[in-house]
Amino acid sequence: MHIVVCMKQVPDSAQIRVHPVTNTIMRQGVPTIINPYDLFALEEALRLRDRLGGEVTVLTMGPPMAEESLRKALTFGADRAVLLTDRFFAGSDTLATSFALAAALAKIGQEFGVPPIVFTGKQTIDGDTAQVGPGIAKRLGLNQLTYVAKIADLDPTAGTITVERRAEGGVQVLSTRLPVLVTMLEGVNEIRRGSLDDAYRAARATIVKWTAADAGITDLGKCGLRGSPTIVKKVFAPQARAEKVRQVPTADVSTEALAASVMAEIFKCQPALEGELMRFSAGP
Amino acid sequence: MTDAPKPAPAGRAGTKRELPEHFKAYKHVWVVVECEHGVVHPVALELLGEGRKLADKRGVELAGVVLCGDDLTAALVAAACFEHGADLVYTVTDPVLAHYRNEPYTRAMTDLVNTHKPEILLLGATNLGRDLAGSVATTLLTGLTADCTELAIDDEGSLAATRPTFGGSLLCTIMTLNYRPQMATVRPRVLAMPARQIGRWGRVVVHPLNLAEDDIITKVLRFVADRESDKAQLAYADIVVAGGLGLRSAENFQLVRALAEVLGGDYGGSRPLVQKGWISADRQIGQTGKTIRPKLYIAAGISGAIQHRVGVEGADTIVAINTDPNAQIFDFAHLGVVADAIELLPALTEAFRAHLSVNRLAG
């Protein structure tokens with residue numbers, strides 16, 4: 001079975017700083033990583049391949065340097081990597097991104113076999129939209145399974161899949177027909193350490209690189225900034241709070257005395273709280 | 001997604017052209033009212049409150065959209081919509097909508113939009129809302145802004161949706177100028193809950209769904225509800241106590257839970273604690289976790305990175321306990337205590353316990 005995993009290379013958000021004057025992202029020296037949510041999708045795909053046989057292709061759209069993330073995915077054990085890169089894709093919002101990725105997925109189907117399952121992470125850590133997966137599903141007519149915690153059953157011959165999906169207040173057990181788009185929930189598996197063989201293979205592997213034309217895209221008006229109905233009007237840093245923090249003095253007091261003064265300060269900030277706590281504490 | 005947030009260059013997509021003729025009929029503000037299993041998700045009411053303001057500013061009507069499996073649920077949810085500000089409610093009632101599934105819900109929503117043409121369509125940024133919004137926007141080929149924290153109408157009458165990006169380091173305001181409807185999903189708990197106006201009423205517009213169960217490929221085999229005791233009530237708790245890496249070990253997290261228990265609140269933690277496996281993912285507070293809006297928030301041993309800050313800023317009182325006087329958390333806390341949380345938390349728990357029991361005896 002051929003499985004495709006859509007990934008994104010993202011800046012390591014924990015290390016992002018905003019320039020205090022210009023309010024722009026200081027990208028210099030910020031390391032890029034595979035979007036952490038995508039690793040749960042990749043691991044799930046690798047497990048299915050190991051169990052059922054077949055191949056895992058990883059696909060990403062991004063600048064040429066996104067090749068680095070694809071190579072990393074190969075070290076984890078992916079069999080093939082495709083990089084969709086073209087200046088026409090610059091400035092894509094989620095609608096334009098799903099258009100380009102859907103085209104690349106169709107092309108992958110022609111070249112390497114139609115995938116019954118396309119995986120993505122539940123969202124990225126830079127954009128946080130969770131919209132590209134559903135967009136791809138809609139464009140390719142794949143049955144959409146989002147926030148999947150577990151693939152309970154998969155029968156490629158019968159063309160059926162059953163999953164556990166995280167819903168509001170519980171878990172839905174859904175059964176549907178292949179082909180599907182699955183977005184994996186976080187924390188449901190752990191990415192493997194790739195083998196030494198995989199590392200060697202990854203270092204030598206040729207990454208398949210496609211431009212928009214290579215992916216069979218003829219309507220460039222649906223790509224990048226031109227193909228994006230949303231526009232970013234303004235970018236700004238969060239406002240600092242005007243009011244300063246009130247520090248509770250801690251010098252030369254016992255922990256017990258400090259606790260008492262913290263409690264008193266809390267009640268000063270929230271005069272109604274004491275009464276409410278009393279009612280709670282008294283019980284029904 | 002927009003790869004790097006950048007102000008739109010003048011003269012291109014960023015410029016408002018005259019709205020294409022076929023979009024001019026699009027009017028009114030709609031809120032999709034999530035009501036799975038008959039329970040209205042609070043974010044829908046928050047959205048109705050905000051939608052009311054947007055509709056008034058535009059001089060249009062506010063509609064709730066109710067998709068559900070039976071007429072009784074539809075009637076009850078419609079009543080809740082009117083009491084929270086809706087002028088009218090569109091209902092699509094069909095047994096195939098009893099459980100959420102992407103296919104029939106997307107079909108119902110796109111049918112409704114194409115028939116009644118709203119200019120603004122809002123959904124909660126829940127699992128359901130995000131699953132549905134992405135499909136609907138792609139079907140309609142319109143703009144969708146995810147996980148917003150602020151909505152406004154700009155001078156030209158367009159929806160300006162503001163959201164954190166790059167893990168909350170920056171905010172950006174995103175607009176859909178030349179397409180309709182303008183869609184956005186909004187994070188639960190960032191907008192205020194509107195007051196309920198008992199007895200307020202409006203019109204109900206019933207819309208049919210011409211779809212049989214046999215036409216729908218995906219089946220819901222069963223729904224396993226979370227056990228009540230396991231559910232984190234974080235987003236809607238009045239008091240939240242949370243811990244960070246300053247607690248130094250998983251065992252010490254018990255100190256956070258003990259204080260939360262005495263205060264009758266809920267507990268959570270920063271993202272590193274989830275990554276270390278000290279707490280479950282549904283207890284993560286911050287940009288990629290839950291947004292909370294309690295009356296009292298106590299952060300113990302949390303440094304206060306921007307990703308955490310965006311999730312807790314709505315709290316009335318933020319109390320920060322941290323050994324580092326320069327920790328970022330003191331930039332947005334109301335009350336600061338430079339101390340070791342591991343020592344202070346048990347003392348604070350005891351202080352509250354003693355205070356409350358003494359006063360109870362006195363009362």
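Predicted model: local features only at pLDDT ≥ 70, side-chain atom pairs only at ≥ 80, totals over all residues.
Begin by selecting the strands of the open sheet of 10 strands, whose order is 13(A)-7(A)-6(A)-1(A)-8(A)-12(A)-9(A)-10(A)-11(A)-11(B), with mixed pairing. At the edges stand strand 13 (208–210) of chain A and strand 11 (219–225) of chain B, and since each has a single partner strand, one side of each is left without a neighbour in the sheet. If you look from strand to strand, neighbouring members of this sheet are turned against each other by 30 degrees on average, direction ignored.

**Inside the sheet**

Next, select residues 2–7 and 55–61 of chain A, which are strand 1 and strand 6, paired in the parallel sense over 6 bridges. Within this pair, A:Val4 can be found opposite A:Thr57 of strand 6 of chain A.

**Two helices of chain A**

Now select helix 2 (residues 67–76) and helix 5 (residues 196–204) of chain A, which pack with their axes 7 Å apart at an angle of about 150 degrees. An angle over 145 degrees counts as roughly antiparallel, and helix 2 and helix 5 of chain A are therefore roughly antiparallel to each other. The crossing of helix 2 of chain A past helix 5 of chain A is right-handed. To see the contact, show A:Arg71, A:Leu74, A:Thr75 and A:Phe76 from helix 2, together with A:Asp198, A:Ala199, A:Arg201, A:Ala202, A:Ala203 and A:Arg204 from helix 5. Sorted by class, this contact has 5 nonpolar, 1 polar and 4 charged residues.

**A covered strand in chain B**

Move to chain B and select strand 12 (residues 239–243) with strand 13, which pair in the parallel sense over 4 bridges. Here B:Gly243 stands opposite B:Gly269 of strand 13 of chain B. Strand 13 of chain B, residues 266–269, is covered on both faces, with B:Asp266 and B:Gly268 buried on one side and B:Tyr267 and B:Gly269 buried on the other.

**A buried leucine**

For the last stop, select B:Leu348, which is placed in helix 8 (residues 341–362) of chain B. B:Leu348 is buried, with a relative accessible area of 0%. Leaving aside residues up to four places away in sequence, B:Leu348 touches A:Ala259, A:Val262, A:Met263, B:Leu259 and B:Ile321. B:Pro95 lies 253 residues from B:Leu348 along the chain, and their C-alpha atoms are separated by 52 Å.

Conventions. Residues numbered from 1 in each chain as written. Chains lettered and ligands numbered in written order. Heavy atoms only, no water. Axes fitted to C-alpha atoms, helices over the stretch in contact; angles between N-to-C directions. Parallel < 35°, antiparallel > 145°, perpendicular 65-115°, else oblique. Left-handed = near helix turned anticlockwise from the far one by under 90°. Contact = heavy atoms within 4.5 Å. Nonpolar A, V, L, I, M, F, W, Y, C, P; charged D, E, K, R; others polar. Buried < 20%, exposed > 50% of the residue type's maximum accessible area, 1.4 Å probe, protein only. Pairing = 2+ DSSP bridges.
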